[in-house]
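Please keep the sequence and the coordinates at hand while reading.

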Amino acid sequence: MITPAHILGQSEDLLVECQQGFKLLPDVCVAFKQMQEAAKKDDVDIQIVSSYRSFERQLQIWKNKWLGKTAILNINEQPIDITSISNQEKLFAILTWSALPGASRHHWGTDLDVYDKKTVELKQHNFQLVCSEYEGGGPCKKLNYWLKTYAQDFEFYRPYQNYKGGVAAEPWHLSYRPIAAKIENQLNIDMLEETLLHSGIDDPQSIIKNLKVIFKQYVLNQGKT
């Protein structure tokens, strides 16, 4: 049974190691491996680059960006000078590429980021997980088109396929719809607010003040109204 702790990334007892170092829910892992085998027949080497991520790990990613230890990128994947923007502007800038701790789909065990490992290595490409690598002459272009055609056959979809004014497009991000849809319906603002207030996150009041907008635009990815 999936509990709030599982939804918020505070428990991983339902997960299995699907690929070395990468955990998913059992049903998600089975579906992924089936998809992986099908892609292999089309000479596409789907491998996981990120899967389950705990609340604490997401919090550390957030803190590093908030404190300027990790670059914050704009929608065009260019670094932002955080000394020239307000805390609220910094909050929404981080959300473009990084989920709020407790609200990341990577907490659920249903979501994963993938790449074409064989092609990346063949082209000796310095892989960075950016959109340009999945377009044009990028090493994951073939993977991108393959997923567009076949991911749904294995009940995966891409929740961030298009930029809607909130989360940046992430062609690498897959979600297992049968379970992810149920979890998305269980996550709510009150649950998230309570968790964040006791998390040690920087400037929690700015987050809480904007939480309704954040939840709609960046958690549910419904875009700007």
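This is a predicted model: local features need pLDDT of at least 70, side-chain atom pairs count only at pLDDT 80 or more; totals for chains, interfaces and linings use all residues.

## Hairpin and disulfide

Strand S1, covering residues 16-19, runs antiparallel to strand S2, covering residues 22-24, and three bridges join the two. Within this pairing Gln19 stands opposite Phe22 of S2. The two strands form a hairpin with two residues between them, and in that turn Gly21 has a positive phi of about 85°.

Cys18 lies in strand S1 whereas Cys29 lies in helix H2 (residues 26-41), so the pair ties together parts that are 11 residues apart in sequence. The link of Cys18 and Cys29 is right-handed, with 90° about the S-S bond, and the count of disulfides comes to one.

## The four-stranded sheet

Four strands make up an open sheet in the order S3-S4-S6-S5, and their pairing is antiparallel. Strand S3 (46-50) and strand S5 (156-157) are at the edges with a single partner strand each, so one side of each is left without a neighbour in the sheet. The partner strand S4 (residues 111-116) pairs with S3 in the antiparallel sense over four bridges, and Tyr115 in S4 is the bridge partner of Gln47.

Helices lie across this sheet. Helix H2 lies across S3, S4, S5 and strand S6 (173-176), and its direction is at about 135° to S3. Helix H7 (residues 177-186) lies across S4, S5 and S6, running at about 85° to S6.

Helix H3 (residues 55-66) packs against helix H4 (residues 87-97) at an angle of about 130°, and their axes are 10 Å apart. That angle makes H3 oblique to H4, and the crossing in which H3 passes H4 is right-handed. On the H3 side the contact is made by Trp62, Lys65 and Trp66, and on the H4 side by Asn87, Lys90, Leu91, Ile94, Leu95 and Trp97. By class, the residues of the contact of H3 with H4 divide into six nonpolar, one polar and two charged.

H4 also packs with H10, at an angle of about 25° and with the axes 11 Å apart. This makes H4 roughly parallel to H10, because angles under 35 degrees count as roughly parallel. H4 passes H10 in a crossing that is right-handed. Leu91, Phe92, Leu95 and Thr96 of H4 make the contact with Val213, Ile214 and Tyr218 of H10. The contact of H4 with H10 has six nonpolar residues and one polar residue, with no charged residues.

## Helices H8 and H10

Helix H10 (residues 211-219) also meets helix H8 (residues 189-197), where the axes come within 11 Å and cross at roughly 120°. At that angle H8 is oblique to H10, and the crossing of H8 and H10 is right-handed. Ile189, Leu192, Glu193 and Leu196 in H8 meet Leu211, Lys212 and Phe215 in H10. By class, this contact of H8 with H10 has five nonpolar, no polar and two charged residues.

Key:
Residues are numbered from 1 along each chain as its sequence is written. Side-chain values use heavy atoms; hydrogens and water are left out. Two strands pair if DSSP finds at least two bridges between them. Axes are lines fitted to C-alpha atoms, for helices over the stretch in contact, and angles run from 0 to 180 degrees between N-to-C directions. Angles under 35 degrees count as roughly parallel, over 145 as roughly antiparallel, 65 to 115 as roughly perpendicular and the rest as oblique. A crossing is left-handed if the near helix is turned anticlockwise from the far one by less than a right angle, and right-handed if clockwise. Contact means heavy atoms within 4.5 Å. Ala, Val, Leu, Ile, Met, Phe, Trp, Tyr, Cys and Pro count as nonpolar, Asp, Glu, Lys and Arg as charged, and the others, Gly among them, as polar. A disulfide is a pair of cysteine sulfur atoms within 2.5 Å.
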